[in-house]
Amino acid sequence: MLNALWNPTAAGEIPLPHRLAMAPLTRSRATPDGVPTELNAEYYAQRASHALIITEGTQPSADGQGYPVTPGIYTEEHIAGWRQVTDAVHKADGRIVIQLMHVGRISHPDNTPHHRQPVAPSAIKPAGQTFTASGLQEMPVPRELSTEEVAATVDDFRRAAAAAIAAGADGVEIHGANGYLVNQFLFPSTNQRTDQYGGSLDNRIRFAVEVATAVADEIGAGRTGIRISPGNPFQINDLAESDPHELYPHLLRALAPLDLAYLHIGHGGDEELLFTLRKLWPTTLILNRGGADIATRAKDVEDGLADVVTVGTMALANPDLVERVRSGAPLNTPDPATFYGGGAAGYTDYPTHAA
């Protein structure tokens with residue numbers, strides 16, 4: 001069954017030597033200004049044997065930042081920092097796309113460079129707290145974006161995609177999942193707008209489609225992916241997915257004509273919906289079945305449910321995961337205490353099997 005993982009394939013214009021890829025994982029190890037460092041380059045280069053590296057969520061603008069010391073891709077300094085990363089990955093014969101993540105309302109003024117109120121489709125306070133430099137704090141009521149600001153945010157994604165390519169990335173992934181900004185536009189629980197971006201299904205998917213269109217127009221559809229998370233409870237907070245069986249097929253029908261490189265699904269457990277989306281999507285489908293073992297993920301490829309599968313914590317704890325899986329070697333256990341701790345511990349110090 002694992003043999004299904006080792007057949008070469010492609011995600012749009014990005015050739016992949018096999019089908020076991022690395023999922024995006026927030027690691028919070030950039031500088032306070034959002035610039036990746038040599039440590040980030042070492043971390044990603046260690047994992048270059050994955051078919052594709054999808055980086056941690058990277059803010060396309062100051063408004064897009066949700067957490068401390070996450071990377072950005074909207075200044076010349078960001079581009080130079082990411083160039084260190086992409087050069088290191090390519091030198092190790094890897095492929096890397098930068099995930100563009102605007103968090104929307106899942107933020108706090110203390111976590112952004114301009115210390116402004118978070119923005120969102122509507123002024124609806126998210127439940128819960130978020131991490132800041134001074135500890136956990138309640139997330140405030142966000143400011144509703146004006147219609148003109150929504151269009152400007154689409155342009156932020158376009159510029160960030162261009163910056164990612166300038167930084168040497170093989171492409172970008174639009175983060176349309178997990179309760180962040182693109183996802184927030186999709187459902188009435190977080191989108192109560194009365195302009196062309198709210199109300200009907202067509203209006204609620206408009207922002208996602210406009211972002212995907214702008215990015216594809218800027219860098220090419222063959223280098224543009226998008227991630228969704230139907231039914232995925234991670235970081236949804238109080239975002240209620242009221243009509244996923246109607247909305248997500250509708251969204252995919254609108255995105256399909258763009259001929260994007262891939263669709264990345266963070267699977268929430270609804271197998272019926274997953275089968276529906278697989279049938280609707282015309283290009284490469286990447287599947288993240290969180291918590292599943294490698295054999296289960298390989299079966300998704302063998303059965304044609306996915307073209308490529310991503311792994312998260314297994315990838316961060318096993319820089320040589322591909323080699324370990326091929327040889328049947330045991331896996332390192334990830335240490336959650338170090339996930340966001342900063343520094344090399346739990347980041348670049350996981351041993352390889354050969355070591």
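Helix H6, residues 206-219, has 14 residues and reaches 20 Å from its first C-alpha to its last, close to the 20 Å expected at 1.5 Å a residue. This is a predicted model, so please read every value below as computed from it.

**Helix H6**

- The buried residues of H6 are Phe-207, Ala-208, Val-209, Val-211, Ala-212, Ala-214, Val-215, Ala-216 and Ile-219.
- An α-helix has 3.6 residues a turn, so residues three or four places apart point the same way.
- Helices packed against the buried residues of H6 include H3 (147-166), H4 (181-184), H5 (201-204) and H7 (244-255).
- Strands E10 (171-175) and E11 (224-228) also pack against those buried residues.
- Just after H6 comes Gly-220, with a positive phi of about 100°.

**Helix H7**

- The 12 residues of H7 should span 16 Å at 1.5 Å a residue, and the end C-alpha atoms agree with this at 16 Å apart.
- Buried in H7 are Pro-244, Leu-247, Tyr-248, Pro-249, Leu-251, Leu-252 and Leu-255.
- The cover over these buried residues includes helices H4, H5, H6 and H8 (271-280), along with strands E11 and E12 (262-266).

- In soluble globular proteins, nonpolar side chains tend to be buried together.
- Beyond its neighbours within four places in sequence, Ile-73 is in contact with Thr-58, Gln-59, His-78, Ile-79, Trp-82, Leu-100, Ala-160, Ala-163, Ala-164 and Ala-167.

**Aromatic rings**

- The count of aromatic pairs comes to 8.
- One of them joins Tyr-44 and Trp-82, whose ring centres are 6.3 Å apart and whose planes meet at 40°, so the pair is tilted.
- Because Tyr-44 lies in helix H1 (residues 38-46) and Trp-82 in helix H2 (residues 76-91), the pair ties together parts that are 38 residues apart in sequence.
- Tyr-44 is buried, with a relative accessible area of 1%, and Trp-82 also counts as buried at 1%.
- Phe-339 and Tyr-340 have ring centres 6.3 Å apart and planes at 85°, so this pair is edge-to-face.
- Within that pair, Phe-339 counts as buried at 15% relative accessibility, whereas Tyr-340 is exposed at 52%.
- Tyr-43, Tyr-44, Trp-82 and Tyr-347 form one aromatic cluster.
- A charged side chain meets a ring where Arg-326 lies over the face of Trp-6, at 4.1 Å from the ring centre.

**Strand E4**

- Strand E4 (residues 53-58) has 6 of its 6 residues buried, so the rest of the structure largely encloses it.
- E4 pairs with strand E5 (residues 96-100) in the parallel sense over 4 bridges.
- Opposite Ile-53 stands Ile-96 in E5.

- Most residues other than glycine have a negative phi, and most peptide bonds are trans.
- Ser-28 has a positive phi of about 55° although it is not a glycine.
- Ser-28 is placed in the loop between strand E3 (20-22) and H1, and at 11% relative accessibility it counts as buried.
- Val-69 has a positive phi too, near 45°.
- The loop between E4 and H2 holds Val-69, which is partly exposed with a relative accessible area of 26%.

**The start of the chain**

- Ala-4 lies in the segment before strand E1 (9-11).
- Under 20% relative accessible area means buried, and Ala-4 is therefore buried at 13%.
- Leaving aside neighbours within four places in sequence, Ala-4 is in contact with Arg-19, Ala-298, Val-301 and Glu-302.
- The C-alpha atoms of Ala-4 and Gly-342 are separated by 36 Å, with the two residues 338 apart along the chain.

Key:
Residues are numbered from 1 along each chain as its sequence is written. This is a predicted model: local features need pLDDT of at least 70, side-chain atom pairs count only at pLDDT 80 or more; totals for chains, interfaces and linings use all residues. Side-chain values use heavy atoms; hydrogens and water are left out. Helices (H or I, at least four residues) and strands (E, at least two) are DSSP runs, numbered from the N terminus. The expected span of a helix is 1.5 Å times one less than its number of residues. Buried means under 20% relative accessible area, exposed over 50%, partly exposed in between (1.4 Å probe, protein chains only). Contact means heavy atoms within 4.5 Å. Rings of Phe, Tyr and Trp (its six-membered ring) pair if their centres lie within 6.5 Å; planes under 30 degrees apart count as stacked, over 60 as edge-to-face and the rest as tilted. A charge sits over a ring if NZ of Lys or CZ of Arg is within 6 Å of the ring centre and within 35 degrees of the ring normal. Two strands pair if DSSP finds at least two bridges between them.
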